[in-house]
Amino acid sequence: MAQLNCPPCTPCASVCIEHQPIQTETSVDNPFHKPRETTAADIKDYQKELLTSPVGLPASDPPPYLPQRAGNSDGYPLAKPMDPIGPWATGRVDWGALSGQTGTRPVVNQYSITRYSVDEWRQRNADMINACETTVDHSVQVENASKNTIIRTYAIADKTQTDCTQSLHVRAKNIDDLKCELDRAISSMQEEIAALERQRRRLKQSLAVLRMPEAIANECLERRTGRPDTELIRDRPEEELIQEISLISEIKAILLQTLANIEQQQSDNRAVRQRMEFDWSEKKVAHENDAVNCNLRNQSTNTLFKPGATRCSNEQSTEIYWEKFTRETLDMYHNCRHKSEQLRNTLDAILTNAARDLRTQADSVERALASRISCMEEIREKLEIDLRTVLQHLADTEIQIDKLKVAIRNMDYAMMVVQTRLDNRNQRPRVENCRDQPQNLLIAEVKSLEVGSSAMNAQLKQEEDVKQELVNRRNELEREIMLKRRTIAIDRDRCQLLRSHFPSSTALSGY
């Protein structure tokens with residue numbers, strides 16, 4: 001094969017790049033090279049010049065690295081595909097199994113075998129330049145959109161922060177107004193509670209003093225009811241004593257009901273005061289919180305990211321309910337104070353009338369009282385026997401309660417064993433963790449133990465109720481026995497002496 005020499009370079013042999021000198025582009029050689037930072041306008045001008053005359057060619061001719069008028073481009077379609085160089089270098093080789101290789105070998109050197117034509121190379125350059133231009137345009141658009149977004153977002157954020165700060169100032173003022181109103185209401189309610197407490201102590205003092213005429217009348221009446229049959233006559237002193245006891249009972253019932261009303265009213269007053277104090281305290285915390293929030297700025301050093309701060313908890317209330325809650329509290333305060341004042345005025349009238357009636361009836365009893373009273377030993381002995389019986393049953397009940405508690409504790413051990421077994425069996429892997437017969441028996445055992453424990457707990461509850469009833473009966477019997485012994489001692493020697501110690505009207509009024 002003869003060695004071929006490369007033909008001399010001609011203007012049309014653009015593919016022969018070996019004989020072309022490699023040029024280095026500088027800011028002097030290339031007028032479009034700018035070391036400064038390029039802008040969108042510079043990029044557009046640069047692309048326009050590249051498309052027109054980047055190397056000083058006429059403006060009507062495209063640059064040599066872009067598709068030509070007679071070449072392959074979007075405006076000028078490809079004329080024909082790339083053909084062989086000539087008939088002497090077709091690039092075709094025939095091959096047969098018998099004849100071997102026939103035909104003419106192609107002329108091959110380092111320049112003759114190519115993959116693309118010059119038009120395809122120019123089209124690829126045009127595509128790369130267009131893609132770069134599209135990317136740059138998109139970058140400019142995104143940059144402008146980013147700047148506009150920053151400006152708009154900052155303006156919205158500043159306006160929103162200003163509105164929120166103003167709203168927080170208004171809210172803090174509203175909270176402070178209601179807090180001051182609650183403060184005045186708390187002071188007023190504290191004064192009312194103190195005044196009602198003084199009246200309550202006066203009423204309790206009157207009830208304490210009322211025990212004395214009640215005891216005297218009961219002792220005198222019991223002394224006369226214990227008389228022998230021959231002495232059991234219905235005389236005037238007995239009628240006066242019954243009348244006195246009835247009057248004392250009525251007055252005591254009225255005073256006790258009034259005391260219950262006062263205690264209930266005092267409880268309501270304290271509840272209202274406590275509610276106002278809680279509301280005041282919460283408003284104080286809320287006011288301080290809003291005051292801190294009003295002073296927060298972007299330059300503050302105590303601001304942090306709080307993940308989840310925008311979540312609304314289930315305990316948050318609405319603004320309408322917030323104001324309604326405080327108004328309801330103040331309305332409750334006004335109603336409670338009005339009722340308390342009315343109750344104090346009613347108590348003054350009740351104590352005055354009760355003292356006058358008791359003193360009048362006591363004078364009538366003292367004028368007609370006789371000095372004959374029977375002994376109360378039989379009823380006292382009967383009560384003592386009942387007390388001993390109650391104490392015996394109380395001791396037996398306590399023993400039975402201890403036995404039940406021990407039995408319940410023993411059931412707990414069995415329950416722990418069966419639950420531990422079930423838990424251990426639940427740790428079996430995969431298909432081994434089946435509900436077999438032992439599993440069902442263990443579950444049934446748990447149910448049985450729970451039923452047994454429930455039954456014993458119910459029985460323990462009944463025993464404790466019986467014990468409490470026996471304790472109550474024991475207290476009642478001890479009190480009755482004490483009263484009977486005192487009555488017997490007083491009936492013998494001190495009946496007339498006790499009547500001389502009847503309290504005065506001032507003492508009965510609670511002073």
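Helix α2 holds both K173 and D177, which sit four residues apart, about one turn of the helix. Helices here are DSSP runs (H or I, at least four residues), numbered from the N terminus. The side chains of K173 and D177 meet in a salt bridge, 3.2 Å from N to O. A salt bridge means a side-chain nitrogen of Lys or Arg within 4 Å of a carboxyl oxygen of Asp or Glu.

A word on where this comes from: the model is predicted, so local features need pLDDT of at least 70 and side-chain atom pairs count only at pLDDT 80 or more, while totals for chains, interfaces and linings use all residues. Residues are numbered from 1 along each chain as its sequence is written, and side-chain values use heavy atoms, with hydrogens and water left out.

**Charged partners**

How exposed is K173? K173 counts as exposed, with a relative accessible area of 52%, while D177 is partly exposed at 38%. The scale behind these words calls a residue buried under 20% relative accessible area, exposed over 50%, and partly exposed in between (1.4 Å probe, protein chains only).

D465 is partly exposed at 34%, and K461 is partly exposed at 46%.

R270 and E197 also form a salt bridge. This pair links distant parts of the chain, with R270 in helix α3 and E197 in helix α2, 73 residues apart. R270 is partly exposed, with a relative accessible area of 37%, whereas E197 is buried at 12%.

| Salt bridge | N to O distance |
|---|---|
| K173 and D177 | 3.2 Å |
| R270 and E197 | 3.6 Å |

The whole structure has 23 salt bridges. Some share partners, and in this way E197, R200, R201 and R270 are joined into one network.

**The nonpolar cores**

In soluble globular proteins, nonpolar side chains tend to be buried together. A nonpolar core is a set of buried Ala, Val, Leu, Ile, Met, Phe, Trp, Tyr and Cys residues joined through side-chain atoms within 4.5 Å. The largest one in this model has 28 residues, and those with the most contacts inside it are L203, L210, I251, L255, I262, L358 and L508. Two or more residues come from each of α2 (118-225), α3 (236-294) and α4 (319-368). The largest share, nine residues, is from α2.

Which residues does I251 touch? Leaving out residues up to four places away in sequence, I251 touches L210, A354 and L358, where contact means heavy atoms within 4.5 Å.

**A cavity**

The search found one cavity of 30 Å³ or more. A cavity is a set of points, on a 1 Å grid over the protein atoms alone, where a 1.4 Å probe fits but cannot get out; lining residues have an atom within 4 Å of a point. The largest cavity has a volume of about 40 Å³, with volume being the space filled by probe spheres set on the points. Its lining includes S206, L210, I251 and L508. Helix α4 gives the most to that lining, with four residues.

**Cysteines**

How many disulfides are there? The count is zero, with a disulfide being a pair of cysteine sulfur atoms within 2.5 Å. C180 is partly exposed at 32%, and C294 is buried at 3%.

Definitions and conventions: 1 Å grid on protein atoms, 1.4 Å probe; cavity = no way out; pocket = protein on both sides within 12 Å on 5 of 7 lines; lining within 4 Å.
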